Amino acid sequence: MTACIHRSTTQVLEFESHNYSKFCRSNYPDQLSCKPISNITPQNHQHLDLDHNLDVWLKMKDEARSDIDQEPILSTYYFSLILSHSSLESALANHISTKLCNSSLPSATLYDLFMGVLIEDQEIVKAVKDDLRAVKERDPACISYVHCFLNFKGFIACQAHRIAHHLWLKGRKILALLIQNRVSEVFALDIHPGARIGSGIMLDHATGVVIGETAVIGNNVSILHNVTLGGTGKSGGDRHPKIGDGVLIGAGTCVLGNIGIGDGAKVGAGSVVLKNVPARTTAVGNPAKLVGGKQNPVKLDKIPSFTMDHVKHVTEWSDYVI
């Protein structure tokens, strides 16, 4: 059962009438540069600036109506999750609460908690919109904003983390840890509420992702499944990786310890990274090494989190053959 939602007569009539049918961080540690990624220009992504003028919430409602026209059987589904809500905040609070509730943790209780956080912290809402745009732009499997919002567990889990992080900073750590645990149980990924995550994030597939308490992730980062941003032992303190802006981290990668992955860097799938990775370079292997060597590493001229290119460093550098 969905949580209490806001709807108006105008919205219901509106629904029935459709037949039911950039990159700089200012608040992160000094381990990473707060300068833009050199002079990299995402030439193939200049339309992203235009996309920011798009009201994502209105676009999602249009997409929901279009989906109902194609599949009328989904009318109740889209109405309860999208079209009956007066705002993105309400729809998101309802969707996450429905996903995370259980017999002893009612969805209505979670909805009230989540809605309060989203109304209080509009920076979360801005990040949600940036994340939607990121997934729609970078993932060819994402056919629409509403598709991402409803069905992509990496996106949903990331937004639940944003709420948990807000509660963590407010000293409501028990609630924050409860949300972390429910996200882990429901979505099979584990993000500590103390971790700091920027905007424009894509957690692609997301299964098996683990992000530790003192990890920091910059803006416009793409992370695939089975990635661990972990510590190296049982000691406390600042012990987890710091990921720069525009970074791409391939599937199955482990980045361990309080090390930095520089702005615009790429880490190849299956790598184990134990040392700092300079900006705009590629690290690959176990243990990871820089493509081109430590003294003269090959510099990337495009933002890897945008290009999502996972194999170019292999085809151009490795002697790997089958």
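Predicted model: local features only at pLDDT ≥ 70, side-chain atom pairs only at ≥ 80, totals over all residues.
**Entry 1**

I started with Ile 82 and listed what it touches, skipping residues up to four places away in sequence. The list came out as Trp 57, Met 60, Lys 61, Ala 64, Val 146, Phe 149 and Leu 150.

Next I looked up the largest nonpolar core, which has 80 residues. Ile 82 is named there too, along with Met 60 and Phe 149, as the residues with the most contacts inside the core. Met 60 and Phe 149 were also on my contact list for Ile 82.

Which helix gives the most to this core? I found that helix H9, residues 153–169, does, with nine residues.

**Entry 1: a nonpolar patch outside**

Then I went to the surface. Ile 73, Leu 74 and Tyr 77 make a nonpolar patch there, and together they have about 290 Å² of accessible area. I placed Tyr 77 in helix H4, which covers residues 75–83. Its relative accessible area is 33%, so I wrote down Tyr 77 as partly exposed.

**Entry 2: salt bridges**

Charges next. I counted eight salt bridges and looked at some of them.

Asp 62 has 45%, so it goes down as partly exposed.

Lys 170 pairs with Glu 120, and their closest N and O atoms are 3.3 Å apart. Lys 170 is in the loop between H9 and helix H10 (173–187), while Glu 120 belongs to helix H6 (residues 107–120), so this bridge ties together parts that are 50 residues apart in sequence. I also noted that Lys 170 is exposed, at 52% relative accessibility.

Glu 123 and Lys 126 meet in a salt bridge as well, at 3.4 Å, N to O. They are three residues apart in helix H7 (residues 122–138), so about one helical turn separates them. Glu 123 is exposed, with a relative accessible area of 53%.

Ile 211 is opposite Leu 229 in S7.

Leaving out residues up to four places away in sequence, I listed its contacts as Thr 228, Leu 229, Gly 230, Pro 241, Ile 261 and Val 273. I also checked Val 255 against Ala 288: they are 33 residues apart in sequence, and their C-alpha atoms are 9.6 Å apart.

**Entry 3: the six-stranded sheet**

There is also an open sheet of six strands, ordered S3-S6-S9-S12-S14-S15, and here the pairing is mixed. Its edge strands are S3 (202–203) and S15 (289–290), and each pairs on one side only. Strand S6 (residues 222–223) and strand S9 (residues 248–249) run parallel and are joined by two bridges. For Ile 223, I found Ile 249 in S9 as the bridge partner.

Last, I went through the loops. The peptide bond from Asn 286 to Pro 287 is cis, with omega near -5 degrees. Pro 287 lies in the loop between strand S14 (282–284) and S15.

Where is His 205? I located it in the loop between S3 and S4. His 205 isn't a glycine, yet it has a positive phi of about 70 degrees. Its relative accessible area is 52%, so it is exposed.

Arg 280 also has a positive phi, near 60 degrees, without being a glycine. I found Arg 280 in the loop between S13 and S14.

Technical notes:
Residues numbered from 1 in each chain as written. Heavy atoms only, no water. Pairing = 2+ DSSP bridges. Helix = DSSP H or I, 4+ residues; strand = E, 2+ residues; numbered from the N terminus. Patch = residues over 30% accessible without salt bridge, like charges linked within 9 Å, V, L, I, M, F, W, Y side chains within 5 Å. Areas by Shrake-Rupley, 256 points an atom, 1.4 Å probe, with all protein chains shown as cover. Salt bridge = Lys/Arg side-chain N within 4 Å of Asp/Glu carboxyl O. Buried < 20%, exposed > 50% of the residue type's maximum accessible area, 1.4 Å probe, protein only. Contact = heavy atoms within 4.5 Å. Core = buried A, V, L, I, M, F, W, Y, C linked by side-chain atoms within 4.5 Å.
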